[in-house]
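Dear colleague,

I am passing a structure on to you, and I would be glad if you could look it over before reading my notes.

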Amino acid sequence: MSNSVVVRGMYVTPTVDISKAVAIISGDVDATHLATVPAGESWEILGVVATVTTTAAVGNRTHSAQVLGPDDEVFYQTAVAANLAASQTDATRSFLIGGSPSLAANMFVPAGGKVRVKDLAAIDETDPADVVAIKVLARRHFEA
């Protein structure tokens with residue numbers, strides 16, 4: 001217990017924890033439709049907002065927020081948002097805890113994990129970075 005301190009008669013181990021600080025995290029520079037958790041952190045996901053600019057490719061988009069593991073396997077996926085037609089541009093999709101479609105509560109994404117918004121209909125997969133830009137609302141937890 002050499003690193004412990006006594007607080008109100010109890011031993012506690014100090015850690016680097018600024019988990020009350022909520023951050024808005026933009027998508028990765030090289031792939032704006034996903035955000036990667038950096039080494040030494042985990043994120044408690046509170047919400048995901050996607051700005052969708054559709055291309056001329058015909059078809060209805062069906063967006064879902066996903067959490068990927070470090071090996072890019074899908075660990076979690078929301079239900080799809082209502083269809084978005086190619087004629088709709090600059091639309092916004094929101095995924096929130098308790099929203100519709102909703103995110104799971106108390107979801108932590110470890111270092112190396114990713115959060116992304118994907119068109120499950122795969123209408124224009126040739127250049128997804130031009131289709132979706134995301135922002136993740138998260139509590140950031142740092143390892144000591």
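**Overall picture**

In the protein chain, 73% of the contacts with a separation of 6 or more are between residues 24 or more positions apart. Please keep in mind while reading that this is a predicted model. The protein chain has 12 strands and zero helices, so that its elements, taken from the N terminus on, run β-β-β-β-β-β-β-β-β-β-β-β.

**A buried arginine**

The residue I would ask you to look at in some detail is Arg-116, which belongs to strand 11, made of residues 114–119. Arg-116 is buried and yet has no salt bridge, since the nearest side chain of opposite charge, that of Asp-72, is 6.7 Å away, whereas a salt bridge requires a side-chain nitrogen of Lys or Arg within 4 Å of a carboxyl oxygen of Asp or Glu. What the side chain of Arg-116 does make is a polar contact with the side chain of Gln-66, at 2.5 Å. Once its neighbours within four places in sequence are left aside, Arg-116 is in contact with His-33, Leu-34, Ser-64, Ala-65, Gln-66, Leu-68, Val-74 and Ile-134.

**Two residues with positive phi**

Asp-72 itself sits in the loop between strand 6 (63–68) and strand 7 (74–77), and its phi is near 70 degrees, a positive value in a residue other than glycine. With a relative accessible area of 45%, Asp-72 is partly exposed. A positive phi in a residue other than glycine is also found at Asn-106, where the value is near 55 degrees. Asn-106 is placed in the loop between strand 9 (102–103) and strand 10 (108–109), and Asn-106 counts as exposed because its relative accessible area is 58%.

**A nonpolar patch**

Finally, which residues form a nonpolar patch on the surface? They are Val-22, Ile-24 and Leu-137, which together have about 260 Å² of accessible area. Leu-137 is part of strand 12, which covers residues 132–142, and Leu-137 is described as partly exposed because its relative accessible area is 31%, while a residue in a patch needs over 30%.

Notes:
Residues numbered from 1 in each chain as written. Predicted model: local features only at pLDDT ≥ 70, side-chain atom pairs only at ≥ 80, totals over all residues. Heavy atoms only, no water. Patch = residues over 30% accessible without salt bridge, like charges linked within 9 Å, V, L, I, M, F, W, Y side chains within 5 Å. Areas by Shrake-Rupley, 256 points an atom, 1.4 Å probe, with all protein chains shown as cover. Helix = DSSP H or I, 4+ residues; strand = E, 2+ residues; numbered from the N terminus. Buried < 20%, exposed > 50% of the residue type's maximum accessible area, 1.4 Å probe, protein only. Lys, Arg positive; Asp, Glu negative; His and termini not counted. Polar contact = N/O pair within 3.5 Å; in protein donor to acceptor, adjacent residues only side chain to side chain. Contact = heavy atoms within 4.5 Å.
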